[in-house]
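Student: I have a new model open and I'd like to work through it with you. Let's take it slowly.

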Amino acid sequence: MSAINYDLSKIKGFVFDVDGVLSPSLIPMSDDGDPQRMANVKDGYALQLAAKSGYQIAIITGCKSEAIVNRFRTLGIHDIYIKASKKIGIFEKWMQEKGLSPEQIVYMGDDIPDLACMRKAGLPCAPRDAAWEARETAEYVSRFDGGYGCVRDVVEQVMKAQGNWLLDDNALTW
(Lines give C-alpha, C1' and ligand atoms only; values in the text may rest on other atoms or scores of the structure.)
Protein backbone atom coordinates (compact mmCIF):
# COMPACT_ATOMS: atom_id res chain seq x y z
CA MET A 1 0.00 0.00 0.00
CA SER A 2 1.41 3.36 -1.01
CA ALA A 3 1.56 6.41 1.22
CA ILE A 4 1.05 8.56 -1.89
CA ASN A 5 -2.52 9.69 -2.54
CA TYR A 6 -2.39 9.56 -6.34
CA ASP A 7 -3.22 7.01 -9.03
CA LEU A 8 0.34 5.73 -9.42
CA SER A 9 -0.65 3.54 -12.37
CA LYS A 10 -0.52 6.73 -14.49
CA ILE A 11 3.19 7.43 -13.83
CA LYS A 12 5.58 6.88 -16.74
CA GLY A 13 8.29 9.40 -15.93
CA PHE A 14 10.27 10.99 -13.15
CA VAL A 15 12.03 14.35 -13.02
CA PHE A 16 14.38 15.31 -10.21
CA ASP A 17 16.30 18.34 -9.04
CA VAL A 18 19.80 17.64 -7.67
CA ASP A 19 20.77 19.91 -4.78
CA GLY A 20 18.39 19.25 -1.90
CA VAL A 21 16.76 16.26 -3.61
CA LEU A 22 19.37 13.87 -5.01
CA SER A 23 22.05 15.32 -2.75
CA PRO A 24 21.72 16.87 0.70
CA SER A 25 21.16 20.60 1.04
CA LEU A 26 24.44 20.91 2.92
CA ILE A 27 27.24 20.74 0.35
CA PRO A 28 30.92 20.69 1.36
CA MET A 29 33.18 23.01 -0.63
CA SER A 30 36.63 22.15 -1.94
CA ASP A 31 39.58 24.46 -1.23
CA ASP A 32 38.98 26.19 -4.58
CA GLY A 33 35.27 26.72 -3.86
CA ASP A 34 33.79 23.92 -5.97
CA PRO A 35 30.78 22.16 -4.43
CA GLN A 36 31.40 18.51 -3.54
CA ARG A 37 28.03 16.76 -3.70
CA MET A 38 27.21 13.47 -2.07
CA ALA A 39 25.13 10.77 -3.74
CA ASN A 40 22.86 8.28 -1.98
CA VAL A 41 23.44 4.73 -3.23
CA LYS A 42 19.87 3.65 -2.41
CA ASP A 43 18.51 6.51 -4.52
CA GLY A 44 20.95 5.44 -7.24
CA TYR A 45 19.80 1.84 -7.09
CA ALA A 46 16.16 2.84 -7.48
CA LEU A 47 16.96 5.18 -10.37
CA GLN A 48 18.96 2.63 -12.33
CA LEU A 49 16.22 0.02 -11.79
CA ALA A 50 13.55 2.47 -12.98
CA ALA A 51 15.65 3.32 -16.05
CA LYS A 52 16.12 -0.39 -16.87
CA SER A 53 12.39 -0.91 -16.38
CA GLY A 54 11.55 1.64 -19.08
CA TYR A 55 10.55 4.71 -17.11
CA GLN A 56 11.53 8.06 -18.58
CA ILE A 57 13.82 9.93 -16.20
CA ALA A 58 15.22 13.44 -16.35
CA ILE A 59 17.50 15.45 -14.11
CA ILE A 60 16.97 19.22 -14.25
CA THR A 61 19.33 21.27 -12.11
CA GLY A 62 20.76 24.73 -11.88
CA CYS A 63 24.16 23.35 -10.87
CA LYS A 64 27.04 23.48 -13.34
CA SER A 65 28.86 20.24 -12.57
CA GLU A 66 29.99 17.70 -15.15
CA ALA A 67 30.27 15.26 -12.24
CA ILE A 68 26.46 15.34 -12.08
CA VAL A 69 26.24 14.34 -15.74
CA ASN A 70 28.73 11.52 -15.22
CA ARG A 71 26.98 10.23 -12.09
CA PHE A 72 23.56 9.94 -13.66
CA ARG A 73 24.74 8.60 -17.01
CA THR A 74 26.30 5.66 -15.15
CA LEU A 75 22.81 4.93 -13.79
CA GLY A 76 21.32 4.80 -17.29
CA ILE A 77 19.85 8.31 -17.27
CA HIS A 78 20.51 10.31 -20.42
CA ASP A 79 18.21 13.32 -20.08
CA ILE A 80 20.38 15.46 -17.83
CA TYR A 81 20.03 19.23 -17.94
CA ILE A 82 22.55 21.29 -16.00
CA LYS A 83 22.80 25.09 -15.69
CA ALA A 84 19.00 25.28 -15.87
CA SER A 85 18.10 28.75 -14.63
CA LYS A 86 14.46 28.44 -15.76
CA LYS A 87 13.45 24.81 -15.41
CA ILE A 88 9.86 24.99 -16.67
CA GLY A 89 10.80 25.41 -20.34
CA ILE A 90 13.14 22.43 -20.19
CA PHE A 91 10.51 20.39 -18.36
CA GLU A 92 7.77 21.17 -20.91
CA LYS A 93 10.07 20.44 -23.85
CA TRP A 94 11.19 17.14 -22.27
CA MET A 95 7.56 16.05 -21.74
CA GLN A 96 6.74 16.89 -25.34
CA GLU A 97 9.79 15.02 -26.68
CA LYS A 98 8.90 11.95 -24.62
CA GLY A 99 5.20 12.12 -25.49
CA LEU A 100 4.20 12.40 -21.84
CA SER A 101 1.39 14.39 -20.28
CA PRO A 102 1.75 16.16 -16.92
CA GLU A 103 -0.39 13.57 -15.08
CA GLN A 104 2.14 10.89 -16.06
CA ILE A 105 5.03 12.69 -14.35
CA VAL A 106 6.47 12.79 -10.85
CA TYR A 107 8.50 15.94 -10.28
CA MET A 108 10.51 16.16 -7.07
CA GLY A 109 11.91 19.53 -6.10
CA ASP A 110 12.91 21.24 -2.91
CA ASP A 111 12.92 24.99 -3.42
CA ILE A 112 11.59 28.01 -5.30
CA PRO A 113 13.25 27.26 -8.69
CA ASP A 114 11.24 23.99 -8.78
CA LEU A 115 7.80 25.43 -8.07
CA ALA A 116 6.68 26.04 -11.67
CA CYS A 117 7.58 22.46 -12.63
CA MET A 118 5.96 21.09 -9.50
CA ARG A 119 2.75 22.96 -10.32
CA LYS A 120 2.77 21.53 -13.85
CA ALA A 121 3.47 17.88 -12.91
CA GLY A 122 0.69 15.48 -12.07
CA LEU A 123 2.44 14.32 -8.93
CA PRO A 124 4.62 17.02 -7.36
CA CYS A 125 6.78 15.67 -4.53
CA ALA A 126 9.24 17.14 -2.07
CA PRO A 127 11.79 15.86 0.44
CA ARG A 128 10.92 16.23 4.12
CA ASP A 129 13.44 19.07 4.54
CA ALA A 130 12.34 21.05 1.47
CA ALA A 131 11.61 24.77 1.66
CA TRP A 132 8.11 25.39 2.93
CA GLU A 133 6.97 26.65 -0.50
CA ALA A 134 7.92 23.31 -2.07
CA ARG A 135 6.28 21.32 0.75
CA GLU A 136 3.09 23.39 0.34
CA THR A 137 3.09 22.75 -3.43
CA ALA A 138 3.78 19.02 -3.13
CA GLU A 139 1.04 16.42 -3.22
CA TYR A 140 3.45 14.09 -1.40
CA VAL A 141 6.21 15.00 1.04
CA SER A 142 8.63 12.14 1.60
CA ARG A 143 9.48 11.04 5.12
CA PHE A 144 13.13 11.29 4.05
CA ASP A 145 15.33 14.37 3.62
CA GLY A 146 16.93 15.33 0.33
CA GLY A 147 19.97 13.16 -0.39
CA TYR A 148 18.89 10.64 2.24
CA GLY A 149 16.46 8.40 0.40
CA CYS A 150 13.58 10.63 -0.72
CA VAL A 151 14.09 9.64 -4.36
CA ARG A 152 14.12 5.93 -3.52
CA ASP A 153 10.96 6.47 -1.47
CA VAL A 154 9.00 7.85 -4.42
CA VAL A 155 10.43 5.60 -7.14
CA GLU A 156 9.90 2.47 -5.07
CA GLN A 157 6.29 3.36 -4.26
CA VAL A 158 5.48 3.98 -7.93
CA MET A 159 7.21 0.82 -9.13
CA LYS A 160 5.57 -1.32 -6.42
CA ALA A 161 2.13 0.09 -7.26
CA GLN A 162 2.70 -0.86 -10.89
CA GLY A 163 4.10 -4.31 -10.06
CA ASN A 164 7.56 -3.42 -11.40
CA TRP A 165 9.63 -3.44 -8.21
CA LEU A 166 12.06 -6.39 -8.07
CA LEU A 167 10.18 -7.95 -10.97
CA ASP A 168 12.98 -10.04 -12.44
CA ASP A 169 16.71 -10.72 -12.39
CA ASN A 170 17.28 -7.17 -13.69
CA ALA A 171 16.63 -6.02 -10.13
CA LEU A 172 19.58 -8.02 -8.82
CA THR A 173 22.25 -6.34 -10.94
CA TRP A 174 23.54 -2.81 -11.38
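Student: How do the residues lining the second largest pocket divide into nonpolar, polar and charged?

Tutor: The lining of the second largest pocket has three nonpolar, three polar and six charged residues. Here Ala, Val, Leu, Ile, Met, Phe, Trp, Tyr, Cys and Pro count as nonpolar, Asp, Glu, Lys and Arg as charged, and the others, Gly among them, as polar. A pocket is an open set of points on a 1 Å grid over the protein atoms alone, where a 1.4 Å probe fits, with protein on both sides within 12 Å along at least five of seven lines, and lining residues have an atom within 4 Å of a point.

Student: Ok, and what should I know about the model itself?

Tutor: It is a predicted model, in which local features need pLDDT of at least 70 and side-chain atom pairs count only at 80 or more, while totals for chains, interfaces and linings use all residues. Residues are numbered from 1 along each chain, and side-chain values use heavy atoms, leaving out hydrogens and water.

Student: Which residues line that second largest pocket?

Tutor: Its lining includes the aspartates Asp17, Asp19, Asp110, Asp111 and Asp114. Lys87 also lines this pocket, and so do Thr61, Gly62, Cys63, Ala84, Ser85 and Pro113.

Student: Let me pick Gly62. Where is glycine 62?

Tutor: Glycine 62 sits in the loop between strand 2 and helix 2; helices (H or I, at least four residues) and strands (E, at least two) are DSSP runs, numbered from the N terminus.

Student: Is glycine 62 buried or exposed, or something in between?

Tutor: Glycine 62 counts as partly exposed, because its relative accessibility is 36%. Buried means under 20% relative accessible area and exposed over 50%, with partly exposed in between (1.4 Å probe, protein chains only).

Student: What is glycine 62 in contact with?

Tutor: Apart from its neighbours within four places in sequence, glycine 62 is in contact with Lys83, Ala84 and Lys87, where contact means heavy atoms within 4.5 Å. Serine 85, another residue of that pocket lining, is 23 residues from glycine 62 in sequence, and their C-alpha atoms are 5.6 Å apart in space.

Student: Back to pockets. Which residues lie nearest the centre of the largest one?

Tutor: Arg143, Asp153, Glu156, Gln157 and Lys160 lie nearest the centre of the largest pocket, which is lined by 14 residues. Helix 6, residues 150–161, gives the most to this lining, with six residues. By class, the lining divides into four nonpolar, four polar and six charged residues.

Student: New topic, the inside. Which members of the largest nonpolar core touch the most others?

Tutor: Among its 36 residues, Phe14, Phe16, Leu47, Phe72, Val151 and Val155 touch the most other members. Strand 1, helix 1 (41–52), strand 2 (56–60), helix 2 (66–73), strand 4 (105–108), strand 5 (123–126) and helix 6 each supply at least two residues of this core, and helix 6 gives the largest share, six residues. There is also a second, separate core of 18 residues, which includes Trp94, Met95, Leu100 and Ala126. Such a core is a set of buried Ala, Val, Leu, Ile, Met, Phe, Trp, Tyr and Cys residues joined through side-chain atoms within 4.5 Å.

Student: What does leucine 47 touch?

Tutor: Not counting residues up to four places away in sequence, leucine 47 touches Phe16, Leu22, Ile57, Phe72, Leu75, Ile77, Val151 and Val155.

Student: Val151 is in that list. Where does valine 151 lie?

Tutor: Valine 151 is in helix 6, and it counts as buried because its relative accessibility is 0%. Leaving aside neighbours within four places in sequence, valine 151 is in contact with Phe16, Val21, Leu22, Asp43, Leu47 and Met108. Valine 151 and phenylalanine 16 are 135 residues apart in sequence, yet 8.2 Å apart in space, C-alpha to C-alpha.

Student: And valine 15, is that one buried or exposed?

Tutor: Valine 15 is buried, because its relative accessible area is 0%, and it lies in strand 1 (residues 13–16). Beyond residues up to four places away in sequence, valine 15 touches Ala58, Ile60, Phe91, Trp94, Ile105, Val106, Tyr107 and Met108.

Student: Which residues do ring pairs link into a cluster?

Tutor: Ring pairs link Phe14, Phe16 and Tyr55 into a cluster.

Methods:
Rings of Phe, Tyr and Trp (its six-membered ring) pair if their centres lie within 6.5 Å; planes under 30 degrees apart count as stacked, over 60 as edge-to-face and the rest as tilted.
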